[in-house]
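Hi there,

Here is the structure I promised to pass on to you.

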Amino acid sequence: MSPGEAPLPARFYPAGGDAHGHPARLAWDGGMLLVQPEDSPALRVPASQLRIEPRGFNHSQWAIAWAGEEGATHTHLLIVDDARIAPLRAAAPALFAAGDTTRRHSHRRFRVGIVLLAAIPLAFVGALLLSVEPLAERLVDHIPPGVEQQIGEAVLAHTRAAGPMITEGPAFDALQAIGKRLARPGEVLHFHLAARPELNAFAAPGGIVVVHSALMAGAGSAEEVAGVLAHEIAHVELRHSLRQIVKSAGLRIILTGLSGDYAPLGGWAAQLGELKFSRDAERAADARGLERLKEARIDPMGMLRFFETLAVNTPSGPALLSTHPATAERIDSLKAAIAAAPGAPAQSIGIDWEPVKNDLNGPPGK
Ligand SMILES: [Zn+2]
C-alpha cells in the first residue's frame, strides 16, 4: 500500500477522547502509518509503535493501538474491518507476524501449563486425573444456579472495570425491549450495554448477556440485534460459558468441587476475559437461537442478515470467507434451517432503529 493507492477506511478512537470513534483513512508510507481523521489533523505513527490484534464478534475486525502523547495509560485506537486490512497486511506483514507469534506462544505456554498441572498431582490421584475434562464436564451439571450467578457477577464486575457502561437512553431501552421480547416466561436474563468500539457481544454464566455499543450501532434493525441476542442466550442456556470456565480452570476445578466452595471460580472466570467456544458450540447456539426467535415471532432473517453483514457484505467477499469457514458454514446452516421450517409469520419488534444509531454514534456530522 503506497500513498498513491486508495487509503483504507477505519474508525479512530483518540487517546482520552469520547467513546464514539471518528471516521478516518489509513495509508502506509515508508514504514509509517498515516492516519487521516476526517475531523482532526493527520498523524504519522512509526511501525515500531503499533500493536495489531484481531477483535470483535467472529474476529471480523482488527484493533491497531499505540501509546498517546499522555503516556502509556492512554492509547490511540483504530478499528479496521478484516476485509479492508489486506493492503496494510501486504504493506507491513511483520506487524501481523508479531501478533501471530504472540498467539502461538500463549497457546504453547497454556499447553505446557496443562502438562505440568496434570503431571504433579498425577502421583497422588493417578489415572483419575487423566480424565480432567470429562470430570470438569460432569461437575458443570452439579454447580448450583446460585454459584453460576456468582460467577456471572464476577465476570460482569470485570467488564464494568474495563470500561464505561451505558445504563440509559434509546440504545439501552432498545436492548431491554428486545431482550424482554426474547425471554421466556419466568426466565431471568440480564442485558448489559458496554460502550466499546468492537463489534461484539458475549454471554456470561447466570443469564448475563453483554452487548457492545458498536454492535448495536452496526446493526440495521432491532431484528438483527435480536438474532445476536438469541444466539448469546442460547450459550447461556446451554451453559457454554460455565463449561468453558470450568474447563479452563483445569485441575483447580476438581479441588473446588471437592471442597464445595465455588467462590474462587468467580475470580478465575473474571480473569479469563472473552471466551472462545468450539465450532460445535457455535452451531448449537445458532440452532437454539433460531428456535427462540421463532417462538418470539421475530423474523429470523435479521439473524441471517447480521451474520452476512459480518462475513459477506465486504469488497473481498469469498477471500474473507475462506479465512472464516465457520462463518460461511454457519450462514449456510442458518439459511437451510430457516428454509426448512419458516415458523409462524413474524411480528415486527417495532423499534425505530435510527434514533438508536444516533444515540450511539452521536448527532449526525459528529
Ligand atoms: Zn457464539
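His190 sits opposite Ile208, a residue of strand 11. Please keep in mind that this is a predicted model. The pair belongs to a parallel pairing: strand 9 (residues 190-194) and strand 11 (residues 208-212) are joined by 5 bridges. The sheet around them is open and mixed, with 4 strands in the order 8-9-11-10. Strand 8 (165-166) and strand 10 (201-204) are the edge strands, each having a single partner, so one side of each has no neighbour in the sheet.

Two helices are worth a look next to that sheet. Helix 4 lies across strand 8, strand 9, strand 10 and strand 11, and runs at about 20° to strand 11. Helix 5 (residues 170-182) also packs on the sheet, where it touches strand 8, strand 9 and strand 11. The direction of helix 5 makes about 155° with that of strand 9.

Some more on helix 4: it covers residues 145-162, which is 18 residues. From first C-alpha to last it reaches 26 Å, close to the 26 Å expected at 1.5 Å a residue. Its buried residues are Val147, Glu148, Ile151, Gly152, Ala154, Val155 and Leu156. As a reminder, an α-helix has 3.6 residues a turn, so residues three or four places apart point the same way.

Helix 5 has another partner too. Its axis and that of helix 15 (residues 353-361) come within 8 Å and cross at roughly 130°. That angle is why helix 5 counts as oblique to helix 15. On the helix 5 side, the residues that meet helix 15 are Pro170, Ala171 and Ala174; on the helix 15 side they are Pro355, Val356, Asp359 and Leu360.

Now for the nonpolar cores. Which residues have the most contacts inside the largest one? They are Val209 and Ala226, in a core of 56 residues. Helix 7 (residues 222-237) gives the most to this core, with 9 residues. Apart from it lies another core, made of 18 residues, including Phe12, Ile64, Leu78 and Val80.

Neighbours within four places in sequence aside, Val209 is in contact with Leu189, Phe191, Ala201, Ala203, Leu229, Glu232, Ile233 and Val236.

Strand 2 (residues 22-29) pairs with strand 3 (residues 32-37) over 6 bridges, in the antiparallel sense, and Trp28 stands opposite Leu33 of strand 3. How many residues lie between the strands in this hairpin? There are 2, and Gly30 takes a positive phi near 50° there.

Strand 3 then pairs with strand 4 (residues 43-46), again antiparallel, through 4 bridges. Met32 faces Pro46 of strand 4 in this pairing. These two strands form a hairpin as well, with 5 residues between them.

Finally, some totals for the protein chain. Altogether 15 helices and 11 strands are present. Of the 366 residues, 34% are buried. Taking contacts between residues at least 6 apart in sequence, 63% join residues at least 24 apart.

Happy browsing, and write back with any questions!

Best wishes

Note on methods: Residues are numbered from 1 along each chain as its sequence is written. This is a predicted model: local features need pLDDT of at least 70, side-chain atom pairs count only at pLDDT 80 or more; totals for chains, interfaces and linings use all residues. The expected span of a helix is 1.5 Å times one less than its number of residues. A residue is buried if 20 or more other C-beta atoms lie within 10 Å of its own, exposed if 12 or fewer, and partly exposed in between; C-beta atoms are placed from the backbone. A nonpolar core is a set of buried Ala, Val, Leu, Ile, Met, Phe, Trp, Tyr and Cys residues joined through C-beta atoms within 7 Å. Two residues are in contact if their C-beta atoms, placed from the backbone, lie within 7 Å. Two strands pair if DSSP finds at least two bridges between them. Axes are lines fitted to C-alpha atoms, for helices over the stretch in contact, and angles run from 0 to 180 degrees between N-to-C directions. Angles under 35 degrees count as roughly parallel, over 145 as roughly antiparallel, 65 to 115 as roughly perpendicular and the rest as oblique.
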